[in-house]
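Here are some friendly notes to read alongside the coordinates.

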Amino acid sequence: MPTSPSLAPSPASPPRVVRHRRADLVVALVALALAGWVTSGLWQDPNVRAITVNSSDQALFEWLLAFGGHAVTHGDNPLFTYLVNVPDGVNLAVNTSITVYAVVFAPLTYLIGPPATFLVILTLNLAATALAWYWLLSRHLVRSPLAAAVGGLFIGFSPGMVSHANAHLNWTAGWLVPLLLWRTFALRRSRHPLRDGAILGVLVAVAFSIAAEGLFFTALALGVFVAVWALHPAHRAEARAVLPAFLRGLGVTAVVAGVLLAYPLWLHFAGPQRFHGTGFDAVIHSEDVVAYGAYPRRSLAGEVGLGTRLAPNPTEENSFFGIPLLLLTVACFVALWRRADAGRRATLWALGVTAVVFTLLSFGPEAKVDGRRFDLPMPFDLFGHLPVMNAALPARLALVVAPVIGVLLAYTVDQLRADPPRRRSARLAWWAGFALALVPLVPTPLLTIEREPIPRFITAGTWRGYVSPGGVLTPVPLTLDVYPDGQRWQAYALAHRQGEFAIPSGFFLGPGGPDGRGRIGPAPRPFSAMVDQAGRSGLVPIVTEGSIQEVRADLRHWRIETVVLADEVHGAKWSVDEEAIRQTVTALLGPPERVEDVWLWRVPQG
């Protein structure tokens with residue numbers, strides 16, 4: 001728990017307060033401008049545009065916003081639903097339910113729709129992350145507003161944050177981290193442990209709702225940092241002195257957070273449709289060693305061809321700092337260390353150890369170097385099988401490194417401003433180093449595409465004449481991560497108060513994976529598999545009496561009343577052959593009806 005007397009400024013005089021306010025306004029405008037720049041492709045028309053590389057997650061988060069708002073306003077359970085994955089339902093506590101966002105932004109969702117609300121939250125997330133880090137740095141760690149701005153803007157628009165801006169409302173909520181740090185360190189000498197512990201407990205509950213994995217990583221990083229800092233000889237006495245107050249505050253935090261999260265935690269670990277681990281491969285989702293020195297695709301360096309494809313997908317470029325920034329970080333650490341007293345060195349040592357630990361853990365269970373795997377013992381092997389840890393993707397542990405780099409950059413700029421090098425050449429070398437390291441990482445807008453429109457059959461509410469209240473309707477192909485239309489349609493109906501219809505399948509994490517682990521969506525059944533094959537290949541499968549009977553059993557299992565094929569089906573990873581799907585379903589269920597702009601098959605019940 002670092003002390004701040006050597007870092008924090010003395011009480012500000014009025015002129016300095018004015019300068020801070022001006023700097024605050026400038027940083028806020030820059031952060032909003034950068035956030036708008038990154039998301040500018042969606043702002044052209046949020047109801048028409050979608051994120052190219054991750055339209056699946058975008059559709060999922062839009063559905064979560066619509067469902068969460070609908071659940072709260074209608075008195076339903078926001079953490080478990082039977083509207084998706086009929087008849088088993090989905091445990092949203094083990095998914096990323098973003099319940100707080102869904103509730104807070106419910107009026108906006110009802111007013112402008114889920115796609116536009118999604119875009120507002122995504123943009124605000126990016127700007128708020130930069131501003132929250134700037135605030136923490138400028139008010140508690142450095143004197144210079146410029147230093148705080150450099151650190152805050154770097155963290156808020158670091159490669160990992162921009163990468164996760166490809167539709168991840170949970171990971172872009174990085175503004176939670178500096179608030180958690182601030183309130184945690186406030187417990188050191190708190191005179192009101194009940195109040196301060198309760199505030200932190202509420203904040204922990206909010207963070208769990210929005211980004212549980214991010215909260216877990218923050219707790220791990222804090223644990224490593226505090227342990228290293230407290231064990232340093234320069235701070236052992238202070239750590240022992242503040243430990244009782246700190247533990248009292250943490251105890252209150254645990255009680256408050258435990259009460260608020262009792263039901264979500266029960267659902268998460270013991271509720272229906274739970275699972276162990278994750279539906280993603282930890283080996284695939286681990287960081288390549290070379291990725292730390294590579295450039296991300298959505299950056300100025302990436303635009304000129306220096307980007308690489310070392311991440312498992314474009315949403316997981318969690319490090320990608322570039323060699324110049326890595327060299328600058330080392331130079332900053334050395335320069336700060338040389339001029340630091342024992343207390344500051346303890347803080348630097350704790351920062352350095354935290355960065356190294358999380359870098360090593362991010363390499364996952366197998367070392368990867370420029371895409372090649374090496375069967376070597378890795379630190380993640382020691383922890384990867386532990387509860388909770390086995391649900392984390394190791395590559396994302398690299399996200400902890402960016403704030404460490406940002407703090408070191410802020411410390412260095414603060415020192416350069418307070419006591420610049422005597423030689424002009426040295427000053428120029430430092431600023432040139434910052435420019436060379438940071439300018440190539442300036443983000444570029446996310447790639448977007450025009451998404452297929454929601455059929456008039458849905459938007460006009462015509463579907464209500466073909467599905468009983470709360471009955472089951474399915475698009476074909478059935479809803480999955482690669483075919484998100486069903487949840488997009490459902491989100492529209494919920495947000496526009498048309499009523500409820502349920503869908504089989506869906507994009508979610510649930511049980512059914514190997515060794516009791518999770519999987520994406522339910523296990524495929526004959527009907528979904530046949531339609532998927534036709535949509536992908538453009539070939540109509542051979543339909544036999546046996547396959548017809550299997551499909552009828554599937555329809556009874558799902559209690560489907562209506563099957564719908566839109567003229568344009570959205571395939572998140574590949575194009576879809578709608579005509580092959582129509583012929584396949586016709587062979588299985590008979591000729592369809594043409595209703596407005598969809599093909600429709602009614603399914604006799606029983």
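**Notes on cavities, a pocket, a helix and a sheet**

1. Helix α3 (residues 55-73) is the biggest contributor to the lining of the largest cavity, giving 3 residues. Please keep in mind throughout that this is a predicted model. The largest cavity holds about 40 Å³ of space, and a search of the whole structure turns up 2 cavities of 30 Å³ or more.

2. Which residues line the largest cavity? They are Ala-50, Ser-55, Gln-58, Ala-59, Arg-451, Pro-484, Arg-488 and His-570. By class, this lining splits into 3 nonpolar, 3 polar and 2 charged residues.

3. The second largest cavity has about 30 Å³ of space. Its lining consists of Leu-64, Phe-67, Gly-68, Pro-78, Leu-92, Ser-97, Thr-99 and Ala-102. Two or more of these residues come from each of α3 and α4 (99-104), and α3 supplies the largest share, 3 residues. In this lining, 5 residues are nonpolar, 3 are polar and none is charged. Helix α3 therefore gives the largest share here and also gives the most to the lining of the largest cavity, if you count with DSSP runs as helices.

4. Now to an open space. The second largest pocket contains about 940 Å³. Its lining is made of 45 residues, and those nearest the pocket centre are Trp-133, Leu-136, Val-177, Leu-181 and Pro-403. The elements that each give two or more residues to this lining are α6, α8 (159-164), α9, α10, α15 (342-362) and α17 (401-418).

5. How does the lining of the second largest pocket divide by class? It has 31 nonpolar, 12 polar and 2 charged residues. Helix α10 provides the largest share of the lining, with 9 residues.

6. Helix α9 deserves a look of its own. Of the 10 residues in α9 (residues 176-185), 7 are buried, so this helix is largely enclosed by the rest of the structure. The cut-off behind that reading is a relative accessible area under 20%. The buried residues are Leu-176, Pro-178, Leu-180, Leu-181, Arg-183, Thr-184 and Phe-185.

7. What covers the buried residues of α9? The covering elements include α6 (114-141), α10 (193-231) and α11 (236-260). Among these, α6 and α10 also give two or more residues each to the lining of the second largest pocket.

8. Turning to the strands, an open sheet is formed by 4 of them in the order β7-β10-β12-β11, with mixed pairing. At its edges stand β7 (472-475) and β11 (593-595); each has a single partner strand, so one side of each is left without a neighbour in the sheet. Ignoring direction, neighbouring strands here are turned by 30° against each other on average.

9. As a reminder, strands of a sheet pair through backbone hydrogen bonds, either parallel or antiparallel. Here, β7 and strand β10 (residues 560-566) run parallel and are joined by 4 bridges. Within this pair, Leu-473 is opposite Thr-562 in β10.

10. Finally, which helix lies across β10 and β12 (598-602)? That is helix α23 (residues 578-589), which runs at about 155° to β10.

Notes. Residues are numbered from 1 along each chain as its sequence is written. This is a predicted model: local features need pLDDT of at least 70, side-chain atom pairs count only at pLDDT 80 or more; totals for chains, interfaces and linings use all residues. Side-chain values use heavy atoms; hydrogens and water are left out. Buried means under 20% relative accessible area, exposed over 50%, partly exposed in between (1.4 Å probe, protein chains only). Contact means heavy atoms within 4.5 Å. On a 1 Å grid over the protein atoms alone, a cavity is a set of points where a 1.4 Å probe fits but cannot get out, and a pocket is an open set with protein on both sides within 12 Å along at least five of seven lines; lining residues have an atom within 4 Å of a point. Grid points are joined across faces, edges and corners, and a volume is the space filled by probe spheres set on the points. Ala, Val, Leu, Ile, Met, Phe, Trp, Tyr, Cys and Pro count as nonpolar, Asp, Glu, Lys and Arg as charged, and the others, Gly among them, as polar. Two strands pair if DSSP finds at least two bridges between them. Axes are lines fitted to C-alpha atoms, for helices over the stretch in contact, and angles run from 0 to 180 degrees between N-to-C directions.
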